[in-house]
Amino acid sequence: MSDAMWNYTEPFKYDGKEHKIEVVGLPTGVIVESYENSTAIVVGDYTANVYLSYDANNYKTPSISPIGWSIADDWTPSEYTVNGNGWMNEDFMITGNDGYKVSLTNTADGEWKDALTYSAETEDGSVTFYLKNIETGIISLAKTVSYKLDKLNPTGKVYFDERNGWESFLNTISFGLFYKDEVTVKVDSADNLSGVASVEYYASNKAMTLDEVKEITDWTAYNGGVNVSLEDTKQFVYFVRIIDNAGNVTYLSTDGAEYDTTAPVISGIENGMTYYTTQNVTVSDKNLDTITLNDEPSTESITIEGNKDATYTIIATDKAGNTATATVTTKPISELSTSLDSLTKENVNSSNEQTVDNVMESVVLIDTTNATEDEKSALKEITDKASELEKVIDDIKDEIDRVTEELNKYNNATVNSEDTTSLEQLSKDIKALTDSGNLTEAEISKLTESVGKVEEMEKTIADTTDENKRISDAVDGYSISTVTSDDKADLEQLLNDIEKQLESNNLTE
């Protein structure tokens, strides 16, 4: 029995297979009847016994002492890789290095793979796995690794105001929003698993595709509301990038917007003015939205009917909310000439000249560009009447000037009988003027004084004629054949009277 022994020299390496020890070197006539604890699969320490059968004729109770043996596993595996340690946004993978496979079990006949893959989202995922050396079959101790998996993109909203907000990327940007006041761009962001890592924005004045936005490199960190500087006609669109801690990215975009700080223009009328004829009004604005005429919807071209008593209010609003308002009144054309209603050719005088001129001037100032034919006719009636009255006033003034100038040709010291006819006509002309009804009280008073002058000169002529006749008749009462010394004094007086007449300048040649 000196050569008999256990065939175990060192611990077995765990490989998930059955390991067995035996007694070898038994001599002839001795055989193994049975073993106890001589086989095992799992890691552990064992004590093996062997029971022998023998030839009693040659042996006396042969025996082999029990032996302690073990299956050991001291391999802490490192021959593997994982595709991430922190938050991930793709499947978590445990991959064995070349020559190694991985499994969730440590049995030899388990499912050994090149890699283990996990897809479920989690914030506290863990995997306990084993490695196996393909060449030796040795299986490692258990290894536990943890992972965090978040595949969902973060959510967010970018908005200009309470009415205009966007929760996705717009494929079509219209630039259909308009603002007249400064806009503040705000962003909300959230991620229910890994959390938001960063929020960034990019300002542009043109639409961009998602592919173009992904190529942007100069993003700006969002740290609160972004004020968009106010500048008329400025166009802007904002793109937003939200990244969570797992690297998931969400892109948002606003619609395009434009600043419009200019109110609509209402042309063709002036606010607060009064018009008598029809006016054509035009409303213009690059971004015109609504037009109302006396609170009723209207178009960009408005006709305001004249020659009537009415009030018109036009309100134009553009898409940015800028508003222009024009309120005008219209009046009947007849109101332009109410001050002439009491005047006729028979009673107008120079005191009405300014009134007539004012009416004429007001009519001349009327814009008749869009006046109807009826309105033009009504205006012409007024100007015709005013012109007629002006002519009467001018004619009267001319006549007054004429008779005054004519009267000034004569004076009481030089008037003579040859002036009788002219003075008589002048007297008639003055009387015609004073009786005409076209003179002021002052003019009548002045012409009445002129009549007195004419009458005075007519009296001078009559007195001169009477004196001449008296002298002539007196002279004719004397003759050379009958004159006596008693007549001397009378004749001398006649001579004196004749001399006086000749000196008076009131005699014709």
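Okay, let's start with charge. This protein chain carries 39 positive and 95 negative side chains, and the centres of those two sets sit 3 Å apart. Keep in mind that what you're looking at is a predicted model.

Now, the overall build. Count up the secondary structure and you get 6 helices and 33 strands. And how spread out is the chain? Its radius of gyration is 67 Å, while the globule rule gives 23 Å for 509 residues, so the chain is more spread out than a compact globule. You can see that in the C-alpha trace too: along the principal axes, the trace spans about 250 × 40 × 25 Å.

What about the surface? Of the 509 residues, 38% count as buried. And if you take contacts between residues at least 6 apart in sequence, 64% of them join residues at least 24 apart.

Okay, let's zoom in on one sheet. Quick reminder: strands of a sheet pair through backbone hydrogen bonds, either parallel or antiparallel. Here, 4 strands make an open sheet, in the order β10-β15-β14-β12, and the pairing is mixed. Which strands are at the edges? Those are β10, residues 87–88, and β12, residues 100–103, and each of them pairs on one side only.

Terms used. Residues numbered from 1 in each chain as written. Predicted model: local features only at pLDDT ≥ 70, side-chain atom pairs only at ≥ 80, totals over all residues. Heavy atoms only, no water. Helix = DSSP H or I, 4+ residues; strand = E, 2+ residues; numbered from the N terminus. Rg over C-alpha atoms; globule rule 2.2 N^0.38 Å. Buried < 20%, exposed > 50% of the residue type's maximum accessible area, 1.4 Å probe, protein only. Contact = heavy atoms within 4.5 Å. Lys, Arg positive; Asp, Glu negative; His and termini not counted. Charge placed at Lys NZ, Arg CZ, Asp CG, Glu CD. Pairing = 2+ DSSP bridges.
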